[in-house]
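Let's walk through this structure together, one region at a time. Keep the viewer open and pick out each residue as it comes up.

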Amino acid sequence: MPQNRRRPDNKQSGETTEVGISIRSFVTRGRLVLTLATITFFATGTAQAAERVRIGLLKLSSAAPLFLAKERGYFEQEGIEADLKFFDAAVPIAVASISGDIDIGFTGFTAAFYNLAGKGGLKVVAGTAREASGFQNTAYVASKRAYDSGLKTLKDLPGHSVGITQVGSTFHYSLGLIADKLKFEVTSVRVVPLQSLPNVAAAIKGGQLDAALTAATTISPVVASGDAIVLGFVGDETPWMLGCVVASTATIEKNRKLVEKVLAVYRRGADDYARVLLKRDADGKFVRSEEGDAMLAIISKYTEQKVEQLRIGLSVVDPALDSADIARQIAWFKRQKMVEPDIDAEKIIDKSFVPDRPTASK
């Protein structure tokens with residue numbers, strides 16, 4: 001009887017090969033899963049690392065550096081996610097900073113702002129817009145009716161009605177500056193607060209006001225129609241620092257690094273803005289460029305103002321502080337009995353973030 005020999009078992013050999021393949025496949029799949037998990041981990045970690053910052057601001061060209069930074073990815077490069085919250089007036093931004101509804105605010109200097117900041121809990125950490133010679137940010141205008149009746153220069157303002165947005169506003173302070181410069185009492189004009197820029201423009205157009213201090217961008221259509229005549233610009237007559245960046249004392253103490261990151265992004269955007277949009281030729285005229293047009297389109301998107309209007313009324317933006325000018329503003333508002341007598345500029349300014357640079361005088 002033949003011996004039962006064990007013949008080569010191809011099936012067994014095949015099974016061994018299949019097992020080897022399965023093991024290799026398992027290892028390959030495992031590596032793939034590990035790789036994907038690693039990618040997911042780092043992607044998630046990066047997303048989690050992006051710190052959210054709530055920034056309060058107005059829809060004005062003075063906030064242009066932030067708009068440019070947002071569109072160009074500067075915030076993300078600093079590891080922060082910017083949530084821009086728009087307000088209709090300056091003072092609510094300061095209120096929101098103190099209450100914690102926003103982390104950082106970009107706002108204007110007003111009597112109400114100083115009264116609020118003077119109570120503590122709020123610090124000025126950087127500058128924003130400045131009235132500067134050669135830049136048509138804020139205009140003095142006369143209605144056609146008043147101009148035809150003799151209001152032809154700024155020296156003619158006494159005895160006339162002058163429209164502004166609010167008592168104690170940046171426009172009110174600018175009126176005070178020109179009164180001091182031309183040596184007439186600010187009380188010699190009848191100040192008419194109309195609460196908004198459109199209201200001021202409508203009153204000038206209709207002849208209900210003799211004159212006004214207002215934004216060049218909003219009054220330009222009235223000037224173009226012949227219903228208003230420009231008497232000059234604040235920057236050419238009385239340069240001053242009209243806006244600031246604010247943060248609560250609590251925010252600075254708890255998250256100073258966040259404030260520093262936002263200011264770094266802001267300075268970068270301000271450098272872009274100044275390099276392109278503040279460039280003027282030998283005659284002082286705006287120098288147009290493709291990059292400038294692209295920037296204006298971005299600013300237009302956020303401010304909801306037409307590009308041609310923006311081009312007319314661009315303001316100088318300087319992140320540096322002018323602490324001496326802030327002290328002068330407070331002193332003027334005190335003389336007008338608009339701010340509390342104990343408010344001290346030194347107590348509301350934090351000079352540790354940006355340099356101190358005086359506004360160029362006329």
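**A guided tour**

Begin with two helices that pack against each other: H7 (residues 170-182) and H15 (residues 323-335) meet at an angle of about 90 degrees, and their axes are 11 Å apart. As with everything that follows, this is read from a predicted model. Angles from 65 to 115 degrees count as roughly perpendicular, and H7 and H15 are therefore described as roughly perpendicular to each other. At the place where they meet, H7 contributes His172, Tyr173, Gly176 and Asp180, while H15 contributes Arg328, Gln329, Trp332, Phe333 and Arg335.

Now follow the chain out of each of these helices. The loop between H7 and strand E8 (190-193) holds Lys183. Its phi is positive, about 65 degrees, although Lys183 is not a glycine. Is Lys183 buried or exposed? With a relative accessible area of 72%, Lys183 is exposed. The loop between H15 and helix H16 (345-348) holds Lys337, another residue other than glycine with a positive phi, here near 60 degrees. Lys337 has a relative accessible area of 74% and is exposed.

Asn115, in helix H5 (residues 111-117), brings us to another part of the chain. Leaving out residues up to four places away in sequence, Asn115 touches Met338, Val339, Glu340 and Ile343. With Glu340 there is a polar contact to look for: a polar atom of the Asn115 side chain lies 3.0 Å from the backbone nitrogen of Glu340.

Next comes the sheet. Five strands form an open sheet with mixed pairing, and the order across it is E2-E1-E3-E12-E4. The edges are taken by E2 (80-86) and E4, each of which has a single partner strand, so one side of each is left without a neighbour in the sheet. On average, neighbouring strands are turned by 30 degrees against each other, direction ignored.

Within this sheet, E1 and E3 pair in the parallel sense over two bridges, with Ile55 opposite Ile104 in E3. E12 pairs in the antiparallel sense with strand E3 (residues 104-108) over five bridges. Strand E4 (residues 122-127) also runs antiparallel to E12, and five bridges join these two.

Why is E12 described as largely enclosed by the rest of the structure? Six of the six residues of this strand (residues 243-248) are buried, so it is largely enclosed. Both of its faces take part: Gly243, Val245 and Ala247 point one way, Cys244, Val246 and Ser248 point the other way, and all are buried.

Strand E1 (residues 51-57) includes Glu51, which at 30% relative accessibility counts as partly exposed. Glu51 and Ile80 are 29 residues apart in sequence, yet their C-alpha atoms are 4.5 Å apart in space. Setting aside neighbours within four places in sequence, Glu51 is in contact with Gly79, Ile80, Glu81, Asn255 and Leu258. With Asn255 there is a polar contact between the two side chains, at 2.6 Å.

Helix H2 (residues 64-71) gives a further enclosed element: six of its eight residues are buried, so it is largely enclosed by the rest of the structure. The buried residues in H2 are Ala64, Pro65, Leu66, Phe67, Leu68 and Ala69. Just after this helix, Gly73 takes a positive phi of about 80 degrees.

That leads us to the nonpolar interior. In soluble globular proteins, nonpolar side chains tend to be buried together. Here the largest nonpolar core has 91 residues, and those with the most contacts inside it are Ile55, Phe113, Tyr114, Val124, Tyr273 and Ile326. Helix H12 (residues 256-277) gives this core its largest share, nine residues. Another core, of 14 residues, lies apart from it, and includes Ala201, Ile204, Ala216 and Ile219.

To finish, select Tyr273 and look around it. Not counting residues up to four places away in sequence, Tyr273 touches Ser61, Ala64, Pro65, Leu68, Leu278, Met295, Ile299, Leu314, Ser315 and Val317. Among these, Ala64, Pro65 and Leu68 are buried residues of H2.

Conventions: Residues are numbered from 1 along each chain as its sequence is written. This is a predicted model: local features need pLDDT of at least 70, side-chain atom pairs count only at pLDDT 80 or more; totals for chains, interfaces and linings use all residues. Side-chain values use heavy atoms; hydrogens and water are left out. Buried means under 20% relative accessible area, exposed over 50%, partly exposed in between (1.4 Å probe, protein chains only). Helices (H or I, at least four residues) and strands (E, at least two) are DSSP runs, numbered from the N terminus. Two strands pair if DSSP finds at least two bridges between them. A nonpolar core is a set of buried Ala, Val, Leu, Ile, Met, Phe, Trp, Tyr and Cys residues joined through side-chain atoms within 4.5 Å. Contact means heavy atoms within 4.5 Å. A polar contact is a pair of N or O atoms within 3.5 Å; within protein, one must be able to donate a hydrogen and the other to accept it, and residues adjacent in sequence count only if both atoms are side-chain atoms. Axes are lines fitted to C-alpha atoms, for helices over the stretch in contact, and angles run from 0 to 180 degrees between N-to-C directions. Angles under 35 degrees count as roughly parallel, over 145 as roughly antiparallel, 65 to 115 as roughly perpendicular and the rest as oblique.
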